[in-house]
Amino acid sequence: MSGRLGEPTVIVVPTVVTDRLVLRCWRPADIDPYAAMNADDETMRYLNGTFDRDGTERLITHLIGMWALLGHGMWAVEDRVSGEFLGRAGLYYGPGWPGVEVAVSIRRDRWREGLGTEACDTAVTWGFATLALDEIVTFTNRGNAGMNGIARTLGMTFQGEASAIGPWKDNNVYAISRSEWETRTGG
């Protein structure tokens with residue numbers, strides 16, 4: 001080899017710890033439990049349908065890559081006490097998105113424990129405290145009572161309906177501005 005190797009690129013994914021959760025970088029051990037989530041019809045009901053392990057692995061590499069490209073992305077979510085993989089949460093931005101989105105998907109056996117709200121609240125707080133964002137949005141299927149409720153609990157304001165964002169149809173769009181967040185949190 002005649003060339004010289006330069007410094008390696010480091011992808012920084014911060015770890016954020018809450019009362020019940022650890023939001024962290026993805027690990028190889030997350031692939032199988034996340035693939036099981038992505039294969040569950042009810043979990044994926046509002047997320048454009050199920051997909052397999054190969055699709056899950058591609059999604060994880062995409063989610064990690066967002067940290068390098070955008071400075072934010074989706075964390076793997078684990079239970080702080082047991083260390084169990086629970087899902088994913090964080091900030092996402094895709095082509096055609098109305099802005100940087102807060103999003104979450106938690107394992108179905110842990111629904112209705114407030115974990116999605118805790119993870120989203122943490123992601124919004126991290127986003128406004130760390131990034132130069134003026135607004136964070138979320139969009140969710142009109143029928144997704146869980147995510148619609150999370151948006152309202154976070155103090156997000158209903159912006160209207162969108163017929164298609166990416167592959168998703170029939171969306172409610174919510175947003176919270178930096179000033180609204182600061183008023184709500186005192187920050």
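Leaving out neighbours within four places in sequence, L91 touches H72, G73, M74, V100, E101, V102, A123, W126, G127, L131, L133 and I136 (contact means heavy atoms within 4.5 Å). This is a predicted model, where local features need pLDDT of at least 70, side-chain atom pairs count only at pLDDT 80 or more, and totals for chains, interfaces and linings use all residues. Residues are numbered from 1 along each chain as its sequence is written, and side-chain values use heavy atoms, with hydrogens and water left out.

**L91**
- L91 sits in strand β4 (residues 85–92); strands are DSSP runs of E with at least two residues, helices are runs of H or I with at least four, and both are numbered from the N terminus.
- L91 counts as buried because its relative accessibility is 0% (buried means under 20% relative accessible area, with a 1.4 Å probe and protein chains only).
- From L91 to G55 it's 36 residues in sequence and 20 Å in space, C-alpha to C-alpha.

**Helices α3 and α5**
- Helix α3 (residues 115–130) packs on helix α5 (residues 178–185) at about 115 degrees, with axes 11 Å apart; axes are lines fitted to C-alpha atoms over the stretch in contact, and angles run from 0 to 180 degrees between N-to-C directions.
- On the α3 side, D121, V124, T125, F128 and A129 make the contact, and α5 brings R178, W181 and R184.

**Lining of the largest pocket**
- β5 is the top contributor to this lining, giving six residues.

How values were computed
Buried < 20%, exposed > 50% of the residue type's maximum accessible area, 1.4 Å probe, protein only.
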